[in-house]
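Thank you all for coming this morning. I would like to walk you through one chain slowly, so please have the sequence and the picture ready to look at together.

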Amino acid sequence: MNNDDYSVKTVITFGGAFIAFLIGSGFATGQEVLQYFTSYGYRGIAGAVLTLILLLFVGVSFITVGQEEKFERSSDIFRYYCGDTLGGFFDYFATVFIYLSFVVMIAGAGATVEQHFGLPVYVGGVLMALMAGFTVSFGLGRIVDVIGRIGPTIVVISIGLGLVSIFGNFDGIARGQEALPTMNIMKASSNWIFAAGSYVGFCMLWLASFLAAMGATAKSRKEAAYGAGLGAIGFSLAVIVVALGLLAYVKDVAASQIPMLILAEKVHPMLANGFSLIIVAGIYTTAVPLLWSVSSRIAEDKSPRFRTATIILAVAGLVVGIYLPFARLVNIVYVINGYVGILLLGIMVLKSFRQRVAKA
């Protein structure tokens, strides 16, 4: 098959799945963007641009390697880059982190339902655990199809809300920048460069196995690369717009568990009702592939053992997620694991450099 062949529909689906995987409770609620980007003001926007560059590199690398190598297990991508010993460490570490991230999704769903509807945290948590567990049981192919359609829609709506917030209170961006030094906002790191690196680091641990598996289904390298590139650009642009929108109202959103709901309420109270459902959908698009990644590590996709593992993992994640505070979970789980991801990024850059030198 010609390695230049590609389907525009498949490229869009891959890009949508990439975006949907990263949306999650952190982005959809705004908590992640607030801690990693908005809290640093204009420098945080520079961090989002750096994130775009790095996500393009790692996304295209993961999916094209998956397309070329067609690993027996998608998690073997860690051994491809790091060798058996260090690759084995990343494999197991990423599995644990991915599962903890699924717990964060449960907590995010619970916090969203609690903040906007005034319902107990466990209502949103149970809903998310059921939806994710049910979808995962159908296997990877169905997951890519479902979240690939939902993801772009959520990003478009989030960008729209961010733009309305920016242009509806344009002067608020400068006022927010001035107010930041006096505010005690939870930050992902001591400076914006480390925050951007940590952000890409934890995204990498999420994306590695999923993109490798998705790349194996691509009919050409170009199809895989275009899909990942589209996803990286679309998601990063959404981060920049949302970060600026939150900065325009930073005094209002700083203490909120779900900052994006505050933005929606600023536009119109009725909009917040619809956006709360969009947030839940965004969390769902990440919770599903996260849960699949761990279940597929335990058993073969769609096998009886796979489905049993999925049920057990979903229930256990529910029990933990509804009892731990969402904002603190984002800060601890994502940041610590982000720095481990930076190590993987360094190894990937070194391997890519050596490969280019060898071909020269």
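Predicted model: local features only at pLDDT ≥ 70, side-chain atom pairs only at ≥ 80, totals over all residues.

Residues are numbered from 1 along each chain as its sequence is written, and side-chain values use heavy atoms, with hydrogens and water left out.

Let me begin with how helices are named and paired. Helices here are DSSP runs of H or I with at least four residues, numbered from the N terminus, and strands are runs of E with at least two. Two packed helices are described by the angle between their axes and the distance between the axes. The axes are lines fitted to C-alpha atoms, for helices over the stretch in contact, and the angles run from 0 to 180 degrees between N-to-C directions.

The pair to look at to begin with is helix 3, residues 42-69, with helix 8, residues 192-215, whose axes come within 8 Å and cross at roughly 20°. Helix 3 and helix 8 are therefore roughly parallel to each other, since angles under 35 degrees count as roughly parallel, over 145 as roughly antiparallel, 65 to 115 as roughly perpendicular and the rest as oblique. The crossing of helix 3 past helix 8 is right-handed, where right-handed means that the near helix is turned clockwise from the far one by less than a right angle, and left-handed that it is turned anticlockwise. In the contact of helix 3 with helix 8 there are 18 nonpolar residues, seven polar and one charged; here Ala, Val, Leu, Ile, Met, Phe, Trp, Tyr, Cys and Pro count as nonpolar, Asp, Glu, Lys and Arg as charged, and the others, Gly among them, as polar.

Now, how do the axes of helix 3 and helix 14 cross? Helix 14 covers residues 326-359, and its axis and that of helix 3 come within 11 Å and cross at roughly 70°, which makes helix 3 roughly perpendicular to helix 14. On the helix 3 side, the contact is made by Leu54, Phe57, Val58, Ser61 and Phe62, and on the helix 14 side by Leu344, Leu345, Met348, Val349 and Ser352, contact meaning heavy atoms within 4.5 Å. By class, these residues of helix 3 and helix 14 are eight nonpolar, two polar and no charged. The crossing of helix 3 past helix 14 is left-handed.

Staying on helix 3, we find Ile45 there, and at 16% relative accessibility Ile45 counts as buried, a word that means under 20% relative accessible area, with exposed over 50% and partly exposed in between, for a 1.4 Å probe and protein chains only. Not counting residues up to four places away in sequence, Ile45 touches Ile240, Ala243 and Leu244. Ile45 and Ala243 are 198 residues apart along the chain, yet their C-alpha atoms are separated by 7.2 Å.

Lys70 has a positive phi of about 45° although it is not a glycine, and its relative accessibility of 46% makes it partly exposed.

Next come helix 9 and helix 11, residues 259-267, whose axes come within 10 Å and cross at roughly 70°, so that helix 9 is roughly perpendicular to helix 11. Their contact is made by Val242, Gly245 and Leu246 of helix 9 and Pro259, Met260 and Leu263 of helix 11.

Also in helix 11 is Lys266, which is partly exposed at 42% relative accessible area. Leaving aside residues up to four places away in sequence, Lys266 touches Tyr249 and Asp252.

Finally, where do the 30 residues of helix 12 leave us, buried or exposed? Helix 12 is mostly covered, with 21 of its 30 residues buried.
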